Amino acid sequence: MKRFLLLFLVFPVLLAGSVFDLFEENLKNSSSYWTSVEKLKEAEISYKRYTSFWNPAVSVSLGTDGITITEDGIQNFSVIPNVNFVNVYGFKLGLSFPISVNPKDWSINFEGTQLSISRDLKADYTVNRLKAEAGYLSAQYSLKSTKNSVFLQTVQDVFDWYYYTKKKKIFSQKLQVLREKLSKAIDEDERESLEKQILSVEQTLRNAELELKSIHTKGINEEIYKETKESLSKITLPATTLEHREDLKALELQKKAEEIEKKTWFLPYLPDLSFSFNYDFEESNWSIKIGLQLTLWDFGERNLESEKRKSQISLLEYEEKTREVKDSISKVLINIENLQSQMKQEEMNLNDLEEIYETNRQLFKKGFLSEEDFILSELDYMEGKLTVENLENSLILEKLNYISTLGYDLEKFLKEGDLN
């Protein structure tokens, strides 16, 4: 890959009212996109518990006995609003404001404020935080990857629409000319050759029609194609880097969590310990509570959990994923080079077709070539130009695929350029 570590200047691409409008519409109709959005929201909430102290959870509960109804009616009960500031390095800090209610006259009595600090002593705060951050980064990359996939498909649809629309037009004209030639042909060998050509052209037309029907992006027109082609032709490749791959960063964090868990492989065998401190501001008294639960026998759950903590699965996943990404980048770069070589070949073929067309045009003017044969040579030349243009579009798509594989957000990259 080092042979391709070239940093180019990137021209910001501004596409107003063209492919980005189609892209936004396709995003709205993509179930994968909305699933990724929801997963990112969930991961963000989980990670936020470890990054923001002032992220309170407010709840209201009834007293420990709830509401009791007897033959004498509703008994006195309490309502307890709670405010919890969660995960301050594993400690849960909370305030509660007990209110007693007398249902006879529905009078209420504020009982003061109580402070509680509790922690599950067996819970590994650092590991949980690393895993939450890894989940958040993974969800970020998943959303970006989904958006890039939708964008690439949108651009592919625009290019395919143009290619198959033009191809259908060219081959429809070619079919008409071949049929005219067949109607005039007398020689059996010539008729057989023309019939074979007609069958081949009809098959090409059917395939082009099928490809056009398979395009799901709506609202494509030639103006959008021209704007898209012109703008995307300006993009150049950034240097090969993996710094934008949040999925790899997530695996690195999981590796760190795995290393910590490996050192504490014995943790599942320890008793479940909990600690809580309570202080009543009204009564000015405090209490400490220690909870303990020890499993004496199970079906192997503790042993399995201990073995899992000793494993190095995240390390293997990181190495496999890194290798996979680098292989993907190498393949894309090779595809780019192959397309560039193929373009040069097709451009040479196009020059040959242009020479044949110009020669036939002169022969047709002088009456040495039939009108049908002249039109067929012109259509061959038009098909050659379309082939070259389609290869140019394929090269653009492969460049976008390369940028996406590096982990860039394509929409942001094209609008703002490589700001890194």
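A salt bridge here is a side-chain nitrogen of Lys or Arg within 4 Å of a carboxyl oxygen of Asp or Glu. By that rule Arg179 and Glu202 are a salt-bridged pair, with their closest N and O atoms 2.9 Å apart. Arg179 lies in helix H3 and Glu202 in helix H4, so this pair ties together parts that are 23 residues apart in sequence.

A word on the background before going further. The model is a predicted one, in which local features need pLDDT of at least 70 and side-chain atom pairs count only at pLDDT 80 or more, while totals for chains, interfaces and linings use all residues. Residues are numbered from 1 along each chain as its sequence is written, and side-chain values use heavy atoms, with hydrogens and water left out.

**Overall build**

The protein has 10 helices and 10 strands. Both are DSSP runs numbered from the N terminus, with helices being H or I runs of at least four residues and strands being E runs of at least two. Along the principal axes, the C-alpha atoms fill a box of roughly 115 × 55 × 45 Å. The radius of gyration is 35 Å, whereas a compact globule of 420 residues would come out near 22 Å. That radius is taken over C-alpha atoms, and the globule rule is 2.2 Å times the number of residues to the power 0.38.

How much of the protein counts as buried? The share is 38% of the 420 residues. Buried means under 20% relative accessible area, exposed means over 50%, and partly exposed is in between (1.4 Å probe, protein chains only).

In total, the structure holds 22 salt bridges. Two of them connect helix H3 with helix H9, as you can follow in the model above. The side chains of Glu383 and Lys174 meet with N to O at 3.1 Å. Glu383 sits in helix H9 (residues 371–405) and Lys174 in helix H3 (residues 125–184), so the pair ties together parts that are 209 residues apart in sequence. Lys181 and Asp373 also meet in a salt bridge, with 2.6 Å from N to O. Here Lys181 belongs to helix H3 and Asp373 to helix H9, so the parts tied together are 192 residues apart in sequence.

| Residue | Relative accessible area | Class |
|---|---|---|
| Lys174 | 10% | buried |
| Lys181 | 16% | buried |
| Glu383 | 25% | partly exposed |
| Asp373 | 27% | partly exposed |
| Arg179 | 44% | partly exposed |

Elsewhere, salt bridges link Lys147, Asp409, Glu411 and Lys415 in a network.

**Surface patches**

Which residues form the negative surface patch? They are Asp187, Glu188, Asp189, Glu190 and Glu195. Patches are made of residues with over 30% relative accessible area and no salt bridge; like charges are joined within 9 Å, and nonpolar side chains (Val, Leu, Ile, Met, Phe, Trp, Tyr) within 5 Å. Asp and Glu count as negative, Lys and Arg as positive, and His and the chain ends are not counted. Glu190 is placed in helix H4 (residues 188–213), and this residue is partly exposed at a relative accessible area of 35%.

There is a nonpolar patch too, made by Phe53, Trp54, Val88, Tyr89 and Phe91 and covering about 540 Å². Such areas come from the Shrake-Rupley method with a 1.4 Å probe. Tyr89 lies in the loop between strand E4 (77–88) and E5, and with a relative accessibility of 52% Tyr89 counts as exposed.

**A few buried residues**

Gly94 is in strand E5 (residues 91–96). At 2% relative accessibility, Gly94 is buried.

Tyr50 belongs to helix H2 (residues 31–51) and is buried, with a relative accessible area of 15%. The C-alpha atoms of Tyr50 and Tyr163 are separated by 52 Å, and the two residues are 113 apart along the chain.

Asp247 is found in helix H6 (residues 246–263), where Asp247 counts as buried at 10% relative accessibility. Between the C-alpha atoms of Asp247 and Phe85 there are 30 Å, for a spacing of 162 residues along the chain.

Key. Charge placed at Lys NZ, Arg CZ, Asp CG, Glu CD.
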